[in-house]
Amino acid sequence: MNIERFQLKGILADAKKQFRLKDTEASGLIILLRSLLNPYIPVTEIDTEKVMVQVDRLHKIISEMKEKQIQINQMESDLE
């Protein structure tokens, strides 16, 4: 195996680690949003500003994950 393949494997492993970290963060935000959007409290008591901030953050993370998945798929196909 040549040096470039080893380097690509290292970059791929790092990209997968970053993807998993983002996935964990997204899961945590989903749980937080569920608690903020509690259906058992009056709608007027929902802190919509907090919800908006968290939804924006979740959207950003999901967009980053989609980009990272494309990079991962490309690297995996390059290694085949």
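Residues are numbered from 1 along each chain as its sequence is written, and side-chain values use heavy atoms, with hydrogens and water left out. In this predicted model, local features need pLDDT of at least 70 and side-chain atom pairs count only at pLDDT 80 or more, while totals for chains, interfaces and linings use all residues.

User: How do the axes of α1 and α2 run relative to each other, roughly parallel or roughly antiparallel?
Analyst: Helices here are DSSP runs (H or I, at least four residues), numbered from the N terminus. The axes, lines fitted to C-alpha atoms over the stretch in contact, with angles from 0 to 180 degrees between N-to-C directions, come within 9 Å and cross at roughly 155°. The crossing of α1 past α2 is left-handed, meaning that the near helix is turned anticlockwise from the far one by less than a right angle. Because angles over 145 degrees count as such, α1 and α2 are roughly antiparallel.

User: What distance separates the end C-alpha atoms of α1?
Analyst: The expected span of a helix is 1.5 Å times one less than its number of residues. For the 34 residues of α1 this gives 50 Å, and the end C-alpha atoms agree with it, being apart by 50 Å.

User: Which residues make up the largest nonpolar core?
Analyst: A nonpolar core is a set of buried Ala, Val, Leu, Ile, Met, Phe, Trp, Tyr and Cys residues joined through side-chain atoms within 4.5 Å. Helices α1 (3–36) and α2 (48–79) each supply at least two residues of the largest one. Its nine members are Ala26, Leu29, Leu33, Leu36, Ile46, Val51, Leu58, Ile61 and Met65.

User: Is Val51 buried or exposed?
Analyst: Val51 belongs to helix α2, and beyond its neighbours within four places in sequence, Val51 is in contact (heavy atoms within 4.5 Å) with Leu33, Leu36, Leu37 and Ile46. Buried means under 20% relative accessible area, exposed over 50%, and partly exposed in between (1.4 Å probe, protein chains only). Because its relative accessibility is 11%, Val51 counts as buried.

User: What is the relative accessible area of Gln54?
Analyst: Gln54 is found in helix α2. Setting aside residues up to four places away in sequence, Gln54 touches Leu29, Leu32, Leu33 and Leu36. Gln54 is buried, and its relative accessible area is 19%.

User: Which residues of α1 are buried, and what is included in their cover?
Analyst: The buried residues of α1 are Leu12, Ala15, Ala26, Leu29, Leu33 and Leu36. Leu58, leaving aside its neighbours within four places in sequence, is in contact with Ala26, Leu29, Ile30 and Leu33. What covers the buried residues of α1 includes α2.

Notes: Parallel < 35°, antiparallel > 145°, perpendicular 65-115°, else oblique.
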